[in-house]
Amino acid sequence: MKIFTAEQIRSWDQFTISHEPVSSVQLMERASVAVASWISDHCKNHKKMVVFCGNGNNGGDGLAIARLLYLKGFDADVFVDDPKGRFSDDALVNLKRLRDFSGISVRKFSDIEQYSFDDKTIIIDALFGTGLSRALEGKYKLLAEQLNRKENIRISVDIPSGLSADEMPGEHDAVLKADYTLSFQCWKRSFLHPESGKYAGKIVILDIDLSKEYSETTPTEYFVTDDDLIDHIFKPRSDFSHKGNYGRAVIAGGSYGKMGAAVLATRSALKTGAGLTFTMAPECGYEILQTSCPEAMFMKSGKDFITEFEEDKALTYGIGPGLGTHAETEKAFLNFLKGNTNPLILDADALNIISKDGKNLELIPQGSIITPHPKEFERMFGSTDNSFKRLELAREKAQELNMYIILKDHHTQIITPERNVYYNITGNAGLAKGGSGDILTGILTSLSAQGYSGEHTCILGVWLHGRAADLASEKHSKEAMLPTDVIDELGAVFQELNRKSVKNL
């Protein structure tokens, strides 16, 4: 799914209006019907809706939503700045329509302190949409702060008021904090970054049938990894294939006291389907790996830590889990980089070794995949003020070094050498545990060995990792799920993908 800027979204609306054709007020009604229907389906235990409306088109949505909810049997009250004030043309149409319904009261913002918000009341935020280009001020800032103090469920229409679609808010900006955001047609970038996404709550994307032609022909560099993209990337196995068709994956890692990381990466590589899986590890890990991962072959390197790397163009390397940063390991790894031209998957201590000297970045083979968390990224490329700027720096570095960067976060970002960004929306906070990154390294190494392109390896691998984590959390909870539980759910995810591939024939 493409992500468009606020300006592109406005153009999308106008393109739909002029090409469908449909009037702007009819398009507003279409959006309002979608919101009211979702609320009616999901809020059956709440009968009282209080809608806060601005004077623009987002407020017009809110006025229409109040009318539609009333017709569905909800109690609906509306708050505006001034019922006799100036409204956009379409908002004014919907304000006039409310006059036909004596059961809907229209109040001023100043009446909020005298209004009774019981525990069954839902607050609907339709103050400002994506057109807002400045921070909330005056009465609107005060109102957002008042509503944030309420313990009621808050639902924002399209975007939480005070939040930009394309930028993070200022440190002291007032933003209405929603529990749910019912947005139209596509994600906004601000939903996907921690500093701004915390205001949006759970995101629901409602299809209001905007022009498909506009969506298909309008360029963007930002995307959300959705099911359609995954279905396009995933390649089911041929019944007539053999292990030689699915490559040779090598997990290079492990050291004394850190062998578990190599085990996790090896097990996830095996579960993701590599034809042959090897573990290059020091001698101290032999019994551990042969016992825990009997399907993988052991490649000895050193006694307590890795001291050499075998160069073989037929092998796909994932290097880093539990590797350590011992002097001999560092020397062997850097020498390996100098002589290797095949793309690699690099994580954890492999990145820590590289980050010791900026010149080491030039040794990373073109087309490689690196998987830093924010601190590892900072050590490699420098600090930034926020995640928006960190992403832009990652785009520069991915292009400059011709590599793929998987920037781990709540919504992990995949950055390609062409500067395109794919936000992943699978996964959950249960992955915030040691070992989760090792699993991802194994998945990526396995997919790359099987012949997926660098871009497809990253997109599918991160999605698989997150989807397996979602299934694990359903069984065990985010708190109790373990990285091994995530590995165990990979089979269920592949079953889902294969069932869908059969249906799509």
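Here is a short tour of a helix, some aromatic rings and the cysteines.

Before you click: this is a predicted model, where local features need pLDDT of at least 70, side-chain atom pairs count only at pLDDT 80 or more, and totals for chains, interfaces and linings use all residues. Residues are numbered from 1 along each chain as its sequence is written, and side-chain values use heavy atoms, with hydrogens and water left out.

Start with helix H3, residues 57–71; helices here are DSSP runs (H or I, at least four residues) and strands are E runs of at least two, numbered from the N terminus. 12 of its 15 residues are buried, so H3 is largely enclosed by the rest of the structure. Buried means under 20% relative accessible area (1.4 Å probe, protein chains only).

Next, select Phe15 and Tyr214. Their ring centres are 5.6 Å apart and the planes sit at 55°, so this pair is tilted (pairs have centres within 6.5 Å; under 30 degrees is stacked, over 60 edge-to-face, the rest tilted). Phe15 is in helix H1 and Tyr214 in helix H7, so the pair ties together parts 199 residues apart in sequence.

Now jump to Arg237, which lies over the face of Tyr246, 3.7 Å from the ring centre (CZ of Arg or NZ of Lys must be within 6 Å of the centre and within 35 degrees of the ring normal).

Last stop, the cysteines: there are 0 disulfides (sulfur pairs within 2.5 Å). For Cys43, the nearest cysteine sulfur, that of Cys53, is 16 Å away.

Definitions and conventions
Expected span 1.5 Å × (residues − 1). Buried < 20%, exposed > 50% of the residue type's maximum accessible area, 1.4 Å probe, protein only. Phe/Tyr/Trp six-rings, centres within 6.5 Å; stacked < 30°, edge-to-face > 60°.
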